[in-house]
Amino acid sequence: LDRLIAEFPREAEPLAFRGVVEERSGDLAKAIGFYQRAAGTNPGSAVAHYNLGRALGLRRQWSEAAGALAMAVELDPGHVGYLYALATVLQGGGRTADAVEALGCCVRIDPDFLDGYATLADVLVSANHLELADRLLQLVARRFPGQGVLRSKRAAIASRRFPGGGPASAD
């Protein structure tokens, strides 16, 4: 890869691949450096911005991560993975309303994206919108029958809504 980078210094792909190699070897700082170079070399590469934003999110640099991921979404607005990553860093940075909006876009684009619904419920719970999260999971359970994760999330919400074991049921 180093030879390719030296031979083609204006190409984003070898830089991005090198970033992945560095990230997998555990050097996130070096990976971020390569991802930044890749995004700078090819500002129109959604993948370069996605990799940069994802890696910055791992370092809890929420604002910078959100900026990079927002650029990836702007370049490829129909890519659910980019929107989902954006939602997770928005939530990490305390931007709950923006995270809800991004997750809503995810499930509108891909109505079968179970992780999108589950994460949306988690974000709603974190904002203490327990009844809304439970209602969402109840509706999603009809679409995805037999998904244990939905039942367990509803049970956890019920235990918070009704600490004494009130009238709620996770079924």
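Analyst: Helices (H or I, at least four residues) and strands (E, at least two) are taken here as DSSP runs, numbered from the N terminus. The model is predicted: local features need pLDDT of at least 70, side-chain atom pairs count only at pLDDT 80 or more, and totals for chains, interfaces and linings use all residues. Residues are numbered from 1 along each chain as its sequence is written, and side-chain values use heavy atoms, with hydrogens and water left out.

The protein chain has ten helices and zero strands, which read along the sequence as α-α-α-α-α-α-α-α-α-α. Its C-alpha trace spans about 65 × 25 × 25 Å along the principal axes. Of the 171 residues in the protein chain, 40% are buried, where buried means under 20% relative accessible area, exposed over 50%, and partly exposed in between (1.4 Å probe, protein chains only). Contact means heavy atoms within 4.5 Å. Among the contacts in the protein chain with a separation of 6 or more, 39% join residues 24 or more positions apart.

Now the interior itself. A nonpolar core is a set of buried Ala, Val, Leu, Ile, Met, Phe, Trp, Tyr and Cys residues joined through side-chain atoms within 4.5 Å. The largest such core has 50 residues, and Leu52, Leu86, Leu136 and Val140 have the most contacts inside it. Helix H6 (residues 80-92) gives the most to this core, with eight residues. Val140 is in contact with Leu114, Tyr117 and Leu150, leaving aside neighbours within four places in sequence.

Helix H7 (residues 96-109) can be followed in some detail. H7 has 14 residues and reaches 20 Å from its first C-alpha to its last, close to the 20 Å expected at 1.5 Å a residue; the expected span is 1.5 Å times one less than the number of residues in a helix. The buried residues of H7 are Ala99, Ala102, Leu103, Gly104, Cys106 and Val107. Their cover includes H6 and helix H8 (114-126). Ala99 lies in H7 and is buried, because its relative accessible area is 0%. Beyond neighbours within four places in sequence, Ala99 is in contact with Ala87, Leu90, Gln91 and Val123. Ala99 and Ala87 are twelve residues apart along the chain, and their C-alpha atoms are separated by 4.3 Å.

Asn51, in helix H4, counts as buried because its relative accessible area is 9%; leaving aside neighbours within four places in sequence, Asn51 is in contact with Ala16 and Tyr35. Glu22 sits in helix H2 (residues 12-24) and has a relative accessible area of 8%, so Glu22 is buried too. Not counting residues up to four places away in sequence, Glu22 touches Asp27, Lys30, Ala31 and Phe34.

Leu139 gives a contrast within helix H9 (residues 130-143). Leu139 has a relative accessible area of 40% and is therefore partly exposed.

Arg60 is in the loop between helix H4 (46-58) and helix H5 (62-75), and counts as exposed because its relative accessibility is 62%. Asn128 is in the loop between H8 and H9, and is likewise exposed because its relative accessibility is 52%. Most residues other than glycine have a negative phi. Phi of Arg60, however, is near 60°, a positive value, and phi of Asn128 is near 65°, also positive.

The surface and charges complete the account. The accessible surface of the protein chain comes to about 9,200 Å², and 53% of this belongs to carbon and sulfur atoms; the areas come from the Shrake-Rupley method with a 1.4 Å probe, and for residues only the protein chains shown count as cover. The protein chain has 19 positive and 19 negative charges, whose mean positions are 5 Å apart. Lys and Arg count as positive and Asp and Glu as negative, while His and the chain ends are not counted. The place of a charge is NZ of Lys, CZ of Arg, CG of Asp or CD of Glu.
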